[in-house]
Amino acid sequence: MSYLRLVPLALFVSSMAWAKTEACGNVTTYQQIIACAESRSPEVLRAESMVNAKRAATGAATQLLNPELSVDSVKDETDVSLAFPIELGGKRKGRKEVAEGEAGRAEQELFLAKAQVRKQTLLKLLRLRQFYSEQGLMEESLETFTKLVKQYESRPLRSPEQEVTLTVFRVAKGDYGFKKMEYDEELASLESYFQINTGLSLEVIKKTLPTTSAKWPVLENHNADLKSSPLLALYDSEIRIAQGELTKARGDAWPTMSIGPSAKFTKEDGKNTEHYGVNLSMPLPVLSLNGGNKATANALLQSAETRKNLALQELQAEKDRLLKIYRRSVKALEETPTGKVLDKNHQRMESLFARGVVPSSLVIEAHRSLVDFEKTRSERETKAAEAYLDLRILQGESVELNL
């Protein structure tokens, strides 16, 4: 497994580090709001601390074992030995592989945490922009029905048809009153999200919302080989860990040899005698070759490789699904009227309603159609944006959407 695929990931992570301390200050763009949410995210902070811990563990895994000093003194005889442990069979190599695999897994989890926070915040910003557009249409509709109800109620005498019309308008007014409550609750939810994740008010965020664009971004590298996807790096890390465990299990079949100088000092009949030599000790692997642990580690390695192969197939299917959603959604959005066109038509209809040249049933249906269409269009826009962002995450690209 190569960790070169993590280089773009590391560069992307480090490119956002500058925003850690000042990201939530004087924001002027929605990209700064995304960076602010990323810097404050508990998930990201936890993932970063885990990366630091695992990187430190990588150095600790390759440390040499300390020598052992032994002194044995009885009356006039003293034995001194210094033993340096030498690990045979690749024990240190196995620990290093495990530590590097765990560090790689932590880095991948950090990438996913950052990507999810950026994606979630961007979609919330997009939804807030959609919200203000939908809310405007809904409040105008409510205002129209309120005026119509007052007009009919102010008439001292009403025909049976006018009584029915008044009842219909009252029902429509009540319906849009409930819708207004739903929008107020959604706005409170959005405000809570941004307050918790950025500490910024909606008044500040409202000035930096992404604008509406009729031209959606073109997907790049959508034919790239998914074997280089950073989402597979997590499985590569698991394989690396399993390989390290197998190396360790094989190494444990070999003894750890201790070797070093030794000296013996004796005093007999007033005469001092010194003897120098070499001491060597190690367990003999005659009763166990650690076969059980090696078999277990080998099975775990095969399992990790199988999971990676299955994950590759699932990623390919997920990529195809996201591509279809994005392309179909963009095509539908580009073929439907924009907000400016709808606003122009809405103003024209309001003029006709005010002149009383259209029946009440058409007044209600026109408003309902406009509000429902804008809501449906927003939902499709969100699906397109989410599919686009998921594709960028899948391909290891920066999680951003320029509209």
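Here are a few friendly notes on a helix pair and some aromatic contacts in this predicted model.

1. Ground rules. Local features need pLDDT of at least 70 and side-chain atom pairs count only at pLDDT 80 or more, while totals for chains, interfaces and linings use all residues. Residues are numbered from 1 along each chain as its sequence is written, and side-chain values use heavy atoms, with hydrogens and water left out.

2. The α4/α5 pair. Helix α4 (residues 91–153) and helix α5 (residues 160–197) have axes that come within 8 Å and cross at roughly 155 degrees. That makes α4 roughly antiparallel to α5 (angles over 145 degrees on a scale from 0 to 180 degrees between N-to-C directions). Their contact residues divide into 20 nonpolar, eight polar and eleven charged.

3. Aromatic pairs. The whole structure holds nine aromatic pairs (ring centres within 6.5 Å; planes under 30 degrees apart count as stacked, over 60 as edge-to-face and the rest as tilted). With centres 5.4 Å apart and planes at 85 degrees, Y193 and F194 are edge-to-face. Y193 is buried at 16% relative accessible area, and F194 is buried at 0% (buried means under 20%, exposed over 50%, partly exposed in between, with a 1.4 Å probe and protein chains only).

4. A strand-to-strand pair. F265 and Y276 are also edge-to-face, with centres 6.1 Å apart and planes at 90 degrees. F265 sits in strand β3 (residues 256–268) and Y276 in strand β4 (residues 271–281). Here F265 is partly exposed at 29%, and Y276 is exposed at 61%.

5. Cluster and charge. F145, Y152, F169 and Y176 form one aromatic cluster. R155 lies over the face of Y152, 4.5 Å from the ring centre (the cut-offs for Arg are CZ within 6 Å of the centre and within 35 degrees of the ring normal).

Conventions
Helix = DSSP H or I, 4+ residues; strand = E, 2+ residues; numbered from the N terminus. Parallel < 35°, antiparallel > 145°, perpendicular 65-115°, else oblique. Nonpolar A, V, L, I, M, F, W, Y, C, P; charged D, E, K, R; others polar. Phe/Tyr/Trp six-rings, centres within 6.5 Å; stacked < 30°, edge-to-face > 60°.
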